[in-house]
Amino acid sequence: VSWKQMNAEQRSLMREAIKEGWKAWLDTGTAVVINVTDIAEGETVMRARTVMNFKDLISQGKATGKKRAKARVTVAGYEKPPSADQKTDSPTVTKRMMKGGFGLDESPRLFFDGVVEELISDGWVQNKLDPAVFMWFRHGHQHAKNTTGEEDPDAILLVYVDDLRLY
């Protein structure tokens, strides 16, 4: 979604989402905030970009009609570093990459933990034998019983690395 297309309320929500996006990079030590004047001569500068969208809020397996702002920070590519005589009208800060933004050891765990948190908050039940399997019960966990007294889920969701498969 384009910033220009957002109203004031959407921009406010998106600002918070962008802060969260950067927080993830800063919390994992992937990037640190620096002043542009601290960039060393010849140091490679990578431009960051934020991909913004609004996701449907889901409650009890159904769309609520409400949206939440979502922002993903990505590294767009390499740029020539600013020259020493480059003028700026105001102080500028940027982020310095301390390690790769993709393929971090903790990335799969952070992704999985985020998925678990979202699914459980939306009413999915995590399987006790396989924590990558989630079950959805349309009428609640206690009501869906089959002829053997076991519960039959209305949907099953498998999480594998960064893929989700719904049955």
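Of the 167 residues of the protein, 20% count as buried (under 20% relative accessible area with a 1.4 Å probe, protein chains only; exposed is over 50%, and partly exposed lies in between). The model is predicted, so local features need pLDDT of at least 70 and side-chain atom pairs pLDDT 80 or more, whereas totals for chains, interfaces and linings use all residues. Residues are numbered from 1 along each chain as its sequence is written, and side-chain values use heavy atoms, without hydrogens and water.

Two helices and eight strands are present, in the order α-β-β-β-β-α-β-β-β-β from the N terminus (DSSP runs: H or I of at least four residues for helices, E of at least two for strands).

Leaving aside residues up to four places away in sequence, Val159 touches Phe112, Val115, Ala132, Phe134 and Leu164 (contact: heavy atoms within 4.5 Å).

Two aromatic pairs were counted (ring centres within 6.5 Å, using the six-membered ring of Trp; planes under 30 degrees apart are stacked, over 60 edge-to-face, the rest tilted). The pair Trp124 and Trp136 is tilted because its planes lie at 50°, with centres 5.7 Å apart. Trp124 lies in the loop between H2 and strand S5 (125–126), and Trp136, twelve residues away, in S6. Both tryptophans are buried.
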